[in-house]
Amino acid sequence: MPRRLMFVQLKSGYDTDRGPSWIGWVDFSKTWNTAYFQGRTLRRAGGMFDANFYDTQTDEEFWVSGPKRDRTDTRYGPSNTEVEPDAVGAYRAFLDGAPLPGRGWNRRRPDATARPQPSPRPA
């Protein structure tokens with residue numbers, strides 16, 4: 001099961017963009033349509049206003065995305081995003097320029113990790 005460091009924000013009940021938010025580890029199903037976070041099962045769904053996942057038990061809506069290095073993850077809401085204790089080290093490394101764990105190479109700093117090069121074609 002893929003595990004990624006993600007930004008997660010609760011949208012329901014908080015005037016859409018003012019809900020609590022976290023940086024933490026999210027486990028995804030093989031199809032990436034289901035996410036598991038803080039004991040919740042979140043299912044991907046389209047057609048929601050400002051959300052891309054919902055809790056399968058409570059129907060609460062969430063925004064789940066990769067964290068931003070400049071810490072502008074929330075649009076209009078509180079900027080006091082809680083970083084979960086087990087994610088602090090990986091998040092600090094990311095803020096210092098390391099690629100996100102499990103993401104391969106870094107587009108903004110190609111020198112940080114090498115982008116895979118295609119194999120040369122035989123002559």
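What percentage of the 123 residues in the protein do buried residues make up? Buried residues account for 35% of the chain, where buried denotes under 20% relative accessible area, exposed over 50%, and partly exposed in between (1.4 Å probe, protein chains only). The legends describe a predicted model, in which local features need pLDDT of at least 70, side-chain atom pairs count only at pLDDT 80 or more, and totals for chains, interfaces and linings use all residues. Residues are numbered from 1 along each chain as its sequence is written, and side-chain values use heavy atoms, with hydrogens and water left out.

**Figure 1. Overall arrangement of the protein.** The secondary structure comprises 1 helix and 7 strands, taken as DSSP runs numbered from the N terminus (helices: H or I, at least four residues; strands: E, at least two). The elements follow the order β-β-β-β-β-β-β-α from the N terminus. Of the contacts (heavy atoms within 4.5 Å) with a separation of 6 or more, 47% are between residues 24 or more positions apart.

**Figure 2. The largest nonpolar core.** This core has 12 residues, among them Met-6, Val-8, Trp-22, Phe-28, Phe-37 and Val-64. A nonpolar core is a set of buried Ala, Val, Leu, Ile, Met, Phe, Trp, Tyr and Cys residues joined through side-chain atoms within 4.5 Å. At least two of the core residues come from each of β1 (3-10), β2 (21-28), β3 and β6 (61-65). A second, separate core of 10 residues includes Phe-7, Ile-23, Trp-25 and Leu-100. Beyond residues up to four places away in sequence, Phe-37 touches Val-8, Trp-22, Gly-24, Trp-25, Val-26, Leu-42 and Glu-84.

Figure 3. Thr-34 belongs to strand β3 (residues 34-37) and is buried, at a relative accessible area of 8%. Its side chain makes a polar contact with the side chain of Arg-43 (3.2 Å); such a contact is a pair of N or O atoms within 3.5 Å, and within protein one must be able to donate a hydrogen and the other to accept it, while residues adjacent in sequence count only if both atoms are side-chain atoms. Asp-27, in strand β2, is among the residues in contact with Thr-34. Asp-27 is partly exposed, at 24% relative accessibility, and its side chain forms a polar contact with that of Arg-3 (3.3 Å). The C-alpha atoms of Asp-27 and Arg-4 are 6.5 Å apart, although these residues are separated by 23 residues in sequence.

**Figure 4. Two residues with positive phi.** Most residues other than glycine have a negative phi. Trp-32, in the loop between β2 and β3, has a positive phi of about 65° and is partly exposed at 30% relative accessibility. Arg-71 lies in the loop between β6 and β7 (82-83); its phi is near 65°, and it is exposed, with a relative accessible area of 56%.

**Figure 5. Lining of the second largest pocket.** Residues of this lining include Phe-7, Gln-9, Asp-50, Trp-63, Lys-68 and Arg-75. The lining divides into 2 nonpolar, 4 polar and 6 charged residues, with Ala, Val, Leu, Ile, Met, Phe, Trp, Tyr, Cys and Pro counted as nonpolar, Asp, Glu, Lys and Arg as charged, and the others, Gly among them, as polar. On a 1 Å grid over the protein atoms alone, a pocket is an open set of points where a 1.4 Å probe fits, with protein on both sides within 12 Å along at least five of seven lines, and lining residues have an atom within 4 Å of a point. Strands β1 and β6 each supply at least two lining residues.
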